[in-house]
Amino acid sequence: MKQLLRTTDPTQIVYAKALLSGEDIDCFEMDVHMSVLEGSIGILPRRLMVRDEDHAQARRILKDNDFELEDL
């Protein structure tokens, strides 16, 4: 799996997951429990992961929807 998105904004994660789901791309959210443990004050970012073979298409989908993605 490859990291697609890392953010402290939970609304971005929800939106990205909805966009990817609409294109039949499976994704997995990581660091959810760590974010909850720190009190949900937004210090620790969450990561959205996708399969290696879906990464390029998933990046295009998010970029087409105005997400700012890190170059990894």
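The legends below describe close-up views of a predicted model.

Because the model is predicted, local features are given only at pLDDT of at least 70 and side-chain atom pairs only at pLDDT 80 or more, while totals for chains, interfaces and linings use all residues. Residues are numbered from 1 along each chain as its sequence is written, and side-chain values use heavy atoms, with hydrogens and water left out.

View 1. Helices (H or I, at least four residues) and strands (E, at least two) are DSSP runs, numbered from the N terminus. Helix 1 has 13 residues and spans 19 Å from its first C-alpha to its last, close to the expected 18 Å, where the expected span is 1.5 Å times one less than the number of residues. Ile13, Ala16, Leu19 and Leu20 of this helix are buried, whereas Thr11, Val14 and Gly22, on the other side, are exposed; buried means under 20% relative accessible area, exposed over 50%, and partly exposed in between, with a 1.4 Å probe and protein chains only. Seen down the helix axis, the buried residues of helix 1 fall within an arc of 130°, so they line one face of the helix, the arc being that of the directions from the helix axis to the C-beta atoms. These buried residues pack against strand 1 (2–7), strand 2, strand 3 and helix 3, with contact meaning heavy atoms within 4.5 Å. Just after helix 1, Asp24 takes a positive phi of about 60°.

View 2. In soluble globular proteins, nonpolar side chains tend to be buried together. A nonpolar core is here a set of buried Ala, Val, Leu, Ile, Met, Phe, Trp, Tyr and Cys residues joined through side-chain atoms within 4.5 Å. The largest such core has 14 residues, and those with the most contacts inside it are Leu5, Leu20, Leu62 and Phe67. Strand 1, helix 1, strand 3 and helix 3 each give two or more residues to this core, and helix 1 gives the most, with four residues. Leu5 lies in strand 1 and is buried, with a relative accessible area of 3%. Leaving aside neighbours within four places in sequence, Leu5 is in contact with Gln12, Ile13, Ala16, Arg46, Arg47, Leu48, Phe67 and Leu69. Leu5 and Met49 are 44 residues apart in sequence and 7.2 Å apart in space, C-alpha to C-alpha.

**View 3. The stacked rings of Tyr15 and Phe67.** The structure holds one aromatic pair. Tyr15 and Phe67 form this pair, which is stacked, at 5.6 Å centre to centre and with 25° between the planes. Rings of Phe, Tyr and Trp (its six-membered ring) pair if their centres lie within 6.5 Å, and planes under 30 degrees apart count as stacked, over 60 as edge-to-face and the rest as tilted. Tyr15 lies in helix 1 and Phe67 in the segment after helix 3, so the pair ties together parts that are 52 residues apart in sequence. Tyr15 is partly exposed at 39% relative accessibility, whereas Phe67 is buried at 8%. Not counting residues up to four places away in sequence, Phe67 touches Leu5, Gln12, Tyr15, Ala16, Leu19 and Leu62.

**View 4. The salt bridge between Glu29 and Lys17.** A salt bridge is a side-chain nitrogen of Lys or Arg within 4 Å of a carboxyl oxygen of Asp or Glu, and by this rule the count comes to seven. Glu29 is paired with Lys17, the closest N and O atoms being 3.3 Å apart. Glu29 lies in strand 2 (residues 27–30) and Lys17 in helix 1 (residues 10–22), so the pair ties together parts that are 12 residues apart in sequence. Glu29 is buried, with a relative accessible area of 17%, while Lys17 is partly exposed at 32%.

View 5. The side chains of Arg51 and Asp26 meet in a salt bridge at 2.5 Å, N to O. This pair links distant parts of the chain, with Arg51 in the loop between strand 3 (46–50) and helix 3 (55–64) and Asp26 in the loop between helix 1 and strand 2, 25 residues apart. Both residues are partly exposed, Arg51 at 34% relative accessibility and Asp26 at 48%. Asp31 forms a salt bridge with Arg47, the closest N and O atoms being 2.6 Å apart; Asp31 is in the loop between strand 2 and helix 2 (32–37) and Arg47 in strand 3, 16 residues apart. Salt bridges that share partners join Asp26, Arg51, Glu53 and Asp54 into one network.
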